[in-house]
Amino acid sequence: MKNNQIKAAALIAIGIIVLGICIKSGLDNFSGKDRKVTVKGLSEKEVEADKVTWPIQTKEIGNNLPELYTKINNTNSAIKRFLLANGIKENEINVNAPTVIDLSAERYNTQPVPQRYNITSTIIVTSNQVKLVRSIIAKQGELLQQGIAIVDGGYEMPIKYDYVAFKKMKPEMMEEAIANAEQTAQQFAKNSHSKIDKIISADQGQFSIDNRDENTPYIKKVRVVSTVTYSLKN
């Protein structure tokens, strides 16, 4: 009987010890479950644009439509010859249909106009030869010698530079941004006398491609910011 009582007491004691350990572990987990840190990681690179879209606009005004169309066609042919002679490929040149404005039919025009028709013609060069196109843009004054004046496209049709190959560098930049975030999280954990543990959540990063500045639109700044949340442990 006495031995049975001793065994029962020992089992109760062991049960109490195990229960205490479980309670402590549960309390530790409960107290530490909200210990986390959210940080942002940045990766940024400067690259040269790999695509350029160059609208070349010319205008003709007059009263005789057939004559104006002949002038437009001659002007477009001269521009194409200029582009091809300087290395632009045939398939990189697109001639849009001309836009005709009948000035005498303008709604708010109450006065007779000296020139009835205003015709705008647009040739668009789309190329991956960015440096070549930029060199040709610098030489477009040569067309003035042929009596051809290029009209500024303004805000509606500016020269546009793009960087389309960023998808190839996306994985590398994502890895760099996450490594940057981890470094920041480790510093935070060190300052709080903790250690980073597992990643609780992470986004894929927000990519942006902008001009480096307004004077060099052909240089692009590619940027990705990733947000990562880590759990912390002692």
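Predicted model: local features only at pLDDT ≥ 70, side-chain atom pairs only at ≥ 80, totals over all residues.
Residues are numbered from 1 along each chain as its sequence is written.

The average pLDDT (the predictor's confidence in each residue, from 0 to 100) is 83 for the chain, and 83% of the residues score at least 70. Over residues 22-27 pLDDT stays under 50, and the model has zero contacts there beyond four places in sequence. Contact means heavy atoms within 4.5 Å.

The largest nonpolar core has 19 residues. Such a core is a set of buried Ala, Val, Leu, Ile, Met, Phe, Trp, Tyr and Cys residues joined through side-chain atoms within 4.5 Å; buried means under 20% relative accessible area, exposed over 50%, and partly exposed in between, with a 1.4 Å probe and protein chains only. Trp54, Ile56, Ile79, Leu83, Ile88, Val125 and Val133 touch the most other members. Two or more residues come from each of β2, α2, β5 and α3. Helices (H or I, at least four residues) and strands (E, at least two) are DSSP runs, numbered from the N terminus. Beyond its neighbours within four places in sequence, Trp54 has contacts that include Leu83, Val125, Val133, Ile136 and Ile137.

Helix α3 spans residues 130-138, and its buried residues are Val130, Val133, Ile136 and Ile137. Seen down the axis of α3, these fall within an arc of 125°, so they line one face of the helix; the arc is that of the directions from the helix axis to the C-beta atoms. The face turned away from the buried side carries the exposed residues Lys131 and Ala138. Among the elements covering the buried residues of α3 are β2 (51-62), α2 (65-85), β5 (117-127) and β6 (160-162).

Leu68 lies in helix α2 and is buried, at 2% relative accessible area. Leaving out residues up to four places away in sequence, Leu68 touches Glu60, Ile61, Gly62, Tyr117 and Ile119. Leu68 and Ile119 are 51 residues apart in sequence, yet their C-alpha atoms are 7.7 Å apart in space.

Ser231 is found in strand β9, residues 219-233. This serine counts as buried because its relative accessibility is 16%. Not counting residues up to four places away, Ser231 touches Arg35, Lys36, Lys195, Ile196, Asp197, Lys198 and Ile200.

Notes. Heavy atoms only, no water.
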